Amino acid sequence: MARPFEIFYTFPQLQENADRLIIHWIPDAKLRQYINRLQKQSQVSEAVLARHLLETLRNNPEDAIAKKLLVAFLASFSANVAWRVKINLETLNKTPSDINALFQDLFQTALEAALHPLEFFKNFNQHRSEEDFWYASFKSYTRHKIEGQVYDRLRKTQGFETLKHSNLGLAARASKIRVQEALQFVGQAEAQVTKLILAWKCFQEVKKALKIDTNSLQQEHFDAIALRFNYLCGETYPKVNGKTIEAWLKQIGAAVRSYVDRELESLDTPRYKQEDEGTISWGDEIPDPSLLLGWDTLLFEEMKQDVANFKNFLHYLIDKLNCETQELFVFIHGLQMVQTQIAEEIEKNASTVSRHYKKVLQQLLSQLAEWAKQYQQVNLTSETLNNMKVALKEQLETYYTDAIDRIFQETFNTLSSSSWQFLKLYYLRGFAIPNLVKKLLISQQQVQEMLTDANQFVQEGVANRIENRWHFFLKLNGTARLQILTLIPEKFKNYVVIKN
């Protein structure tokens, strides 16, 4: 699903066509209309919408719209999760003969997890949604938890049986990483792990060279493996024979069996308790390293420190940007203006705006990459650079949105008591102008003047604060000032919520 916000208003429908399964994504017209209206009122991102929906549902569990939007969000992961689990089962040789039936079961189980979003996100740490990259973490939590629930169901209904495969067969099918993890899992010492992995490598070489089927292994084959092992070892290990090699390979297979069939721990399993937050589950601790800087081997605490370092260095780079670039970033990431609005504001064409933005992004990315390579020892692969670019945009969005939010809040604080109460009635409680006329006992013209005066006061205050902070000027009656006016309802509602 490529279009923005589609994840919140489409639902998957599985259809069996001949011997194939086809998934159709069906949009819900009412939900799509709701999203469209929301976008017209204020330009929100998927991350902002997801945060809003989660908070709304927690505060009001009966909110049908928030619930349905989150059900669609959760359901959007169902096909991917079902596919990932199916592939994993195929890797472990756990699939039945009817693959379609298996996928349907997995898909249905994943969908069932989506039906109760309030229960689903019950253990999601609310403080976590305030951290950087929280939306990526939110989506990662969702996928991992649905996947965990699917595995829980499989464990109850089918189990992960390996009895159909011999220990030799398991050793033959396992990868080197799987063998190493399995041996470590069963508690083998490091020296023994090294020796057994070498025997496994010799097994794979001989099997491939002689084109041996695992089911037809003979003593002569084990003798050949032993010969290869002794040659590679030299004097490192005592000489072994084919019988020893056979025993070692079966030992490896048994370790793989124990590793594969180990009890899976649910993501809701309590991990530890904190006085302020209660019980913390494994699921609450899941980060999304793929959208940080590609540092997927770091521990959680180490990763948080690297994110902090990344933020600090990026803020240092932002502070060094010239006024022209600051203006561009304020418009794009702070005021959420589109390129045509920006082009009109700065009296340049949209393509010039686009080129300038891409050029500055590339410069920042190059500086961040050099910093990551030099000070964080990050291997700069193409995947890492792509992830870094995603993280860069996320941080720019957070930095300038937070700055603009603070400017609006400072301006709201300077409103007179009467203007404050008026905007609260109009924006927060949704009083229409005729209702305000009745409530305030004044004319419609006076109500309209009060609304215009309050909005202009906020608009001018925000514009002045932007100009003073970033040292550039906004055109009178330009698109930037009009955008400030457009943002007032959303910012006011958010501010009242924060203030209360």
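1. The protein chain holds 21 helices and four strands. The model is a predicted one, and every remark below should be read with that in mind. Of the 500 residues in the chain, 44% are buried. Taking contacts between residues at least 6 apart in sequence, 69% join residues at least 24 apart.

2. The largest nonpolar core has 62 residues, and the members that touch the most others are Leu335, Tyr400, Phe408, Ile466 and Trp470. Helix α17, residues 382-412, is the main contributor to this core, giving 11 residues. As background, nonpolar side chains in soluble globular proteins tend to be buried together.

3. Ile466 deserves a separate entry. Neighbours within four places in sequence aside, Ile466 contacts Val330, Leu335, Ile404, Ile407, His471, Phe472 and Ile484. One of these partners, Leu335, is listed with Ile466 among the core members that touch the most others.

4. His333 is in helix α14, which covers residues 323-334. With a relative accessible area of 4%, His333 is buried, because the cut-off for that class is under 20%. Residues up to four places away in sequence not counted, its contacts are Tyr357, Lys393, Leu396, Glu397, Tyr400 and Thr401.

5. The next point concerns a helix pair. Helix α18 (residues 417-428) and helix α20 (residues 444-470) have axes that come within 10 Å of each other and cross at roughly 105°. This angle makes α18 roughly perpendicular to α20. From α18 the contact draws on Ser419, Phe422, Leu423, Tyr426 and Tyr427, and from α20 on Val447, Met450, Leu451, Ala454 and Asn455. Sorted by class, the contact of α18 with α20 has eight nonpolar residues, two polar and no charged ones.

6. Which residues does Thr414 touch, leaving out those up to four places away in sequence? They are Phe457 and Arg465. Thr414 itself sits in the loop between α17 and α18, and at a relative accessible area of 40% it is partly exposed. Its C-alpha atom is 8.9 Å from that of Val458, a residue 44 places away along the chain.

7. On salt bridges, the whole structure has 12. One of them joins Glu347 to Lys475, with 3.5 Å between the closest N and O atoms. Glu347 is in the loop between α15 (339-346) and α16 (350-375), while Lys475 is in the loop between α20 and α21 (479-499), so this pair ties together parts that are 128 residues apart in sequence. Glu347 counts as exposed, at 63% relative accessibility, whereas Lys475, at 33%, counts as partly exposed.

8. Arg481 takes part in two salt bridges that should be read together. With Glu460 the N to O distance is 3.0 Å. Glu460 belongs to helix α20 and Arg481 to helix α21, so the bridge ties together parts that are 21 residues apart in sequence. With Glu467 the closest N and O atoms of the pair are 3.6 Å apart. Glu467 is also in helix α20, so here the parts tied together are 14 residues apart in sequence.

9. Elsewhere in the chain, a network of salt bridges links Arg84, Arg143 and Glu147.

10. The last point is about a strand residue. His24 lies in strand β2, residues 20-27, and counts as partly exposed at 31% relative accessibility. Setting aside residues up to four places away in sequence, His24 touches Phe11, Pro12, Gln13 and Gln15. Between His24 and Phe11 there are 13 residues of sequence separation and 8.2 Å in space, C-alpha to C-alpha.

Conventions
Residues numbered from 1 in each chain as written. Predicted model: local features only at pLDDT ≥ 70, side-chain atom pairs only at ≥ 80, totals over all residues. Heavy atoms only, no water. Axes fitted to C-alpha atoms, helices over the stretch in contact; angles between N-to-C directions. Helix = DSSP H or I, 4+ residues; strand = E, 2+ residues; numbered from the N terminus. Parallel < 35°, antiparallel > 145°, perpendicular 65-115°, else oblique. Contact = heavy atoms within 4.5 Å. Nonpolar A, V, L, I, M, F, W, Y, C, P; charged D, E, K, R; others polar. Core = buried A, V, L, I, M, F, W, Y, C linked by side-chain atoms within 4.5 Å. Buried < 20%, exposed > 50% of the residue type's maximum accessible area, 1.4 Å probe, protein only. Salt bridge = Lys/Arg side-chain N within 4 Å of Asp/Glu carboxyl O.
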